[in-house]
Amino acid sequence: MTSVVLGVSAGIAVYKSCELLRLFTESGHDVRVVPTRDALRFVGEPTWAALSGNPVTTEVWESVHEVPHVRIGQHADLVVVAPATADVLARAAHGLANDLLTNTLLTARCPVVFAPAMHTEMWEHPATRANVATLRERGAIVLDPAVGRLTGADSGPGRLPDPAEIFEVCRRVLAGRPADLAGRHVVISAGGTREAIDPVRFIGNRSSGLQGYALARTAVARGAEVTLVSANVALPDPAGAKVVRVESARALRDAVLAAADHADAVVMAAAVADFRPVRASDTKIKKSAAEPDPIRLAKNPDVLAELGEVRRERRAAESGPYPRVIAGFAAETDDVLANGRAKLERKGCDLLVVNQVGEGLAFGTPDNAAVVLLAGGGSVEVPRGPKEDLADVVWDLVAERLA
Ligand code: CTP
């Protein structure tokens, strides 16, 4: 049984951590909750003790014969601090040891995940930025908070991510992948674009966004800073990723190119419409029209090809950095490998994940099977399995190329 320490500090989001605790215990983890003194003002000791089935203390002065200030950290397989306040981040960054939680953080040699939650001003304060940078440099995974409504009427970055999504990151960290993307910025596109026909209708596709979101989640768990350009996806935001929402191919192009400017890698998992109606009607097209007008289509930009093109130009002109790794996805129905190899070369990317679609494969399913084609020859076969496993193979290949 894996041993998890759930540190909780004094933020209003503490109530959401009861849900996180449940997710850990129900999936068979032994959880020791270590609150700060003030966290107990929000949710009391009996709740944590009952939900975890373990004793709960905030101080190093209880059960001293068991040396809890050293033991708990030493025996943990994972420490997750959620919510992590500005105060606890500061104390952790500076190595203070004035309660059981900070002692535990100093003695833990396992992976540590912080899920900060606080007001935007506190999150953006230079002191907090510096503390977060220090913790990340030392190998901790510090999730960027979610953006949305805060305690009062205001909103902005500072919300605790969805507990189920924090749990997913922790699950991936516990799966033992290295934090080999720490300090890297990766951009992922996910979902499927929509091209307006009129205010109520569009041309779309069947992409659910599951593969792109799995890529985001696994990259966060491996320490990356993640920008997720999300096209029409009905899934909860992955914890720790910066989500940019777009609708059309052209909006996706602008968002991806802007983020790619300071990225180490871009993975284009979105299904981008190749064509759009030349003109979207401003008003709803009525069926009363005697003869419907045919919809004329125009070509959309090919974002993946453009990324490759810009990189080639910048390299030739030695004008600034551009993503060192560019990866695409290709869904094919026939001649899968030959079409994939031709596409890899045509689009000038480093990796192309090719999957066969049809018969329940790929779209909207939790599983995927694929072949990753490598520029310069060679390929890696990924057997049918969870989309997270395929995502991790992609990150293995990306990390290798960035090293
Ligand atoms: N792609 C893109 N911009 C487009 C179309 C596709 O960036 N306008 C990207 C996708 O995100 C994916 C890769 O290109 O990573 C391959 O997409 P796919 O639809 O398979 O390729 P197409 O270029 O549409 O080729 P074809 O229609 O010949 O299959």
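These legends walk through a few views of one protein chain, shown as a predicted model.

View 1. Let's start with the overall picture: the protein chain has 14 helices and 19 strands. Its radius of gyration comes out at 23 Å, close to the 22 Å that the globule rule gives for 403 residues, so the chain is as compact as a globular protein of that length. If you follow the C-alpha trace along its principal axes, it spans about 80 × 55 × 45 Å.

View 2. Of the 403 residues in the protein chain, 50% are buried.

**View 3. Contacts across the sequence.** Take the contacts between residues at least 6 apart in sequence: 67% of them join residues at least 24 apart.

**View 4. A five-stranded open sheet.** Here the strands run in the order β2-β1-β3-β4-β5, and their pairing is parallel. At the edges sit β2 (30–35) and β5 (141–142), each of which pairs on one side only. As a bit of background, strands of a sheet pair through backbone hydrogen bonds, either parallel or antiparallel.

**View 5. Zooming in on β3 and β4.** Strand β3 covers residues 78–84 and strand β4 covers residues 112–116. Four bridges link this parallel pair.

Methods. Residues are numbered from 1 along each chain as its sequence is written. This is a predicted model: local features need pLDDT of at least 70, side-chain atom pairs count only at pLDDT 80 or more; totals for chains, interfaces and linings use all residues. Side-chain values use heavy atoms; hydrogens and water are left out. Helices (H or I, at least four residues) and strands (E, at least two) are DSSP runs, numbered from the N terminus. The radius of gyration is taken over C-alpha atoms; the globule rule is 2.2 Å times the number of residues to the power 0.38. Buried means under 20% relative accessible area, exposed over 50%, partly exposed in between (1.4 Å probe, protein chains only). Contact means heavy atoms within 4.5 Å. Two strands pair if DSSP finds at least two bridges between them.
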